[in-house]
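Hi,

Here is the structure I promised to pass on.

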Amino acid sequence: MLTQTEENYIKALLKLTEESGQLSIGTNELALHLGVKPATVTDMLKRLRDKQLVSYEKYGKISLTETARTLAIGVLRKHRLWETFLCRSLGLPWHQVHDIAEQLEHVHSEALMDRLDAFLGFPHVDPHGDLIPTKEGVFHVRPKQTLSHLGVSQSA
């Protein structure tokens with residue numbers, strides 16, 4: 001089992017590599033994203049490497065192992081399901097749910113997450129429009145349209 005901090009690191013690594021379209025990123029980039037010092041990141045990367053969750057050499061790029069990628073997608077799924085629940089079911093404004101979901105994403109009950117997903121009707125996107133992966137880690141990508149292809153009164 002991972003600590004909350006370890007989960008936050010692998011989630012951040014997933015996010016940064018997905019956004020950049022690259023398989024690996026640098027220590028400074030991760031430190032900037034997390035708001036910590038590069039030395040702090042280096043210490044955590046050593047722990048994650050010892051757990052075989054990242055590929056990392058001093059002064060080199062960082063990449064997630066397949067195991068870590070699967071774990072990170074799971075944390076991301078929980079985060080986005082909680083955001084959806086907080087907005088839809090509790091009526092919290094979408095701009096307030098992120099910080100609460102940051103805390104709830106570390107709940108380690110698969111049964112609870114399965115029930116929450118079913119309760120919400122197996123949503124594909126969260127209140128911010130981000131894709132929610134399935135339990136199997138699949139992201140259902142929605143087809144995109146440009147506004148110029150929409151008719152009057154059509155929504156997209």
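Helices here are DSSP runs of H or I with at least four residues, numbered from the N terminus. Before the details: this is a predicted model, so local features need pLDDT of at least 70 and side-chain atom pairs count only at pLDDT 80 or more, while totals for chains, interfaces and linings use all residues. Numbering starts from 1 along each chain as its sequence is written, and side-chain values use heavy atoms, with hydrogens and water left out.

Let's start with helix α4 (residues 66-88), where Trp82 and Phe85 both sit, 3 residues apart, about one turn of the helix. I paired rings of Phe, Tyr and Trp (its six-membered ring) when their centres lie within 6.5 Å, calling planes under 30 degrees apart stacked, over 60 edge-to-face and the rest tilted. That rule gives 2 aromatic pairs. In one of them, the ring centres of Trp82 and Phe85 are 5.9 Å apart with planes at 80°, so this pair is edge-to-face. Trp82, Phe85 and Phe119 make up one aromatic cluster.

Phe119 brings us to helix α6 (residues 110-119), where Met113, Leu116 and Asp117 are buried. Looking down the α6 axis, its buried residues fall within an arc of 100° (taken from the directions from the helix axis to the C-beta atoms), so they line one face of the helix. The face turned away from that buried side carries the exposed Ala111, Arg115 and Phe119. Part of the cover over the buried residues of α6 comes from α4, with contact meaning heavy atoms within 4.5 Å. Just after α6, Gly121 has a positive phi of about 80°.

α4 also meets helix α1 (residues 4-20): their axes come within 9 Å and cross at roughly 95°. Axes are lines fitted to C-alpha atoms, for helices over the stretch in contact, with angles from 0 to 180 degrees between N-to-C directions. That makes the two roughly perpendicular (65 to 115 degrees; under 35 is roughly parallel, over 145 roughly antiparallel, the rest oblique).

Cheers

Methods:
Buried < 20%, exposed > 50% of the residue type's maximum accessible area, 1.4 Å probe, protein only.
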